[in-house]
Every structure is written in structure tokens, then in C-alpha cells.
Amino acid sequence: MSVVTSLRLIIADDHPLFRGALRQAVSSVLPEARIDETGTFEDLTAMLEQDSDVDLILLDLSMPGISGFSGLIYLRAQYPAIPVVIVSASDDVGTIRQSLDFGASGFIPKRFGVDTLRDAILRVMDGDVWIPPDIDISAAVDPEMTKLRDRLVTLTPQQVRVLMMLSQGLLNKQIAYELTVSEATIKAHVSAILQKLGVESRTQAVIAAAKIATGQWRQNEAASQ
């Protein structure tokens, strides 16, 4: 693969030591690439709003500002041209399969070493989809989860953000303040979300979103209650 000097990658992970390991892996195969780092999803979206000319995002599923697949869903909706590779400690077959279903270009378990990281990054940069060679994702998917996933991907980027904030327990006026829009706009988004997800209340919408999340997310939520 020929290295292009204008390559830009973003590492989004809330663990500085692991970001350092990822940076080492990227730098060893793409020494001329510009590598930005962020520890929160809010900072990631701020980076992209300033400059979305990015060749690859390495995204952790569990970091401040996102739960489960919400960050991936938002990025694929808002920036469909940017490949996103999930790098996560949750590497069960279901999580990997759903990551690909939601548009990830690959899935790298954190249990792998730098050599595997280098290989995976090169493969994705060449346009391939990379998953662990020891994982079989051909198993049947739960029809209920497939139906819910198909509903979630119909949400607009702004509706995904609103749903993410609903899941965090924010009120309409708080969401309106965070997104610098009117409360009426948020109410309209919530109504659209309910309709698209086929539910009758914001609580049901949050529950529906939680159903598609990883087991680790559900455990974290239970621990925080």
C-alpha cells in the first residue's frame, strides 16, 4: 500500500494508554499520517464539525457521551463517507455482528496486540472489512433485533443525538440548550423518533435503544442505578 501524506485518522477512546498503543500501531504502518486523539464522543463530534476530512475513525463502543452502538449509528448517519472501525473490549459474536450491521468497516478486539492492530488498520485502509479470524458471524441474528436495528438506522443524525440524550435522562429543555435549538424543535424530533421506532413514549424509545446495546452497556447501566 502506498502511503499518502494527507491521511488523517482519529482515535476515539477514553483510555490514554490504549490510545497510545493505537497511535503506535498506526504510526508504524502510516508514518506520515496525521493522528488526532479524543477521549469523549463530544470532543470527537466537535473535531468532525470543524474538519470532516478524515480517512478513518477508530472508535471505542464504551466512552463518555455514548452508550452501545449509538455513537456508531450517529457517525454513519452524519458522516457516511468516513470509515469507522470499532475497537472494543466487548468482542462477543453478537457485538461484532451488530457493529458490522450498523456500518462499521471492521472490529478489532482490545485483547489483540500491536501486530494485529497494524494488520487490521492496513486492511481497512485498503478498503477491506476486518474482523478477528477466529470469529464466525454467520450465526442467525435475532429477528426482533434486526427489526429494531432497521428502525434505528432510519433516524436522522440529529434524531440520533436526541435519542442519545434521552437515554442519558435529559429533559427536552436541556437537550434544546445543548444542541442550541428551540424546545419546540426537540419536541418535534422526539415525536419523529417515537413514530420511527414504533413506540408511544420517550421511556419506550429509551428502552428500545437499550435493547440493541451491548451486554456491557446493560451491565454498566445496572451498576449505575
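Leu166 touches Ile175, Val190, Arg202 and Val206, leaving aside residues up to four places away in sequence. Touching here is a contact, meaning heavy atoms within 4.5 Å. Leu166 sits in helix H7. Its relative accessibility is 6%, so Leu166 counts as buried. For the cut-offs: buried is under 20% relative accessible area, exposed is over 50%, and partly exposed lies in between, with a 1.4 Å probe and protein chains only.

A word on what we are looking at. This is a predicted model, where local features need pLDDT of at least 70, side-chain atom pairs count only at pLDDT 80 or more, and totals for chains, interfaces and linings use all residues. Residues are numbered from 1 along each chain as its sequence is written, and side-chain values use heavy atoms, with hydrogens and water left out.

Now the helix around Leu166. How many residues of H7 are buried? Nine of the 11, so H7 is largely enclosed by the rest of the structure. They are Pro157, Gln159, Val160, Arg161, Val162, Leu163, Met164, Met165 and Leu166. What do they pack against? The partners are H2, H3, H6, H8, helix H9 (183-197) and helix H10 (202-211). After H7 comes Gly169, with a positive phi near 85°.

The largest pocket has a volume of about 360 Å³. Of its 14 lining residues, Glu42, Thr45, Arg161, Met165 and Glu178 are the closest to its centre. Helix H2 (41-50), helix H7 (157-167) and helix H8 (172-179) are the elements giving two or more residues to this lining. H2 gives the largest share, five residues. By type, the lining splits into six nonpolar, four polar and four charged residues.

A search of the whole structure finds three aromatic pairs. The rule: ring centres of Phe, Tyr and Trp (its six-membered ring) lie within 6.5 Å; planes under 30 degrees apart are stacked, over 60 edge-to-face, and the rest tilted. Phe41 and Tyr74 form an edge-to-face pair, at 5.9 Å centre to centre and 80° between the planes. Phe41 is in helix H2 and Tyr74 in helix H3 (residues 70-78), so this pair ties together parts 33 residues apart in sequence. Phe41 is buried at 5% relative accessibility. Tyr74 is buried at 3%.

Another pair is Phe112 with Trp130, also edge-to-face: 6.2 Å centre to centre, 85° between the planes. Phe112 lies in the loop between strand E5 (106-109) and helix H5 (114-125), and Trp130 in the loop between H5 and helix H6 (143-152), so the pair ties together parts 18 residues apart in sequence. Both Phe112 and Trp130 are buried.

Finally, the overall view. The protein has 11 helices and five strands. Helices (H or I, at least four residues) and strands (E, at least two) are DSSP runs, numbered from the N terminus. Buried residues make up 46% of the 225 residues. Among contacts between residues at least 6 apart in sequence, 65% join residues at least 24 apart.

Conventions
On a 1 Å grid over the protein atoms alone, a cavity is a set of points where a 1.4 Å probe fits but cannot get out, and a pocket is an open set with protein on both sides within 12 Å along at least five of seven lines; lining residues have an atom within 4 Å of a point. Grid points are joined across faces, edges and corners, and a volume is the space filled by probe spheres set on the points. Ala, Val, Leu, Ile, Met, Phe, Trp, Tyr, Cys and Pro count as nonpolar, Asp, Glu, Lys and Arg as charged, and the others, Gly among them, as polar.
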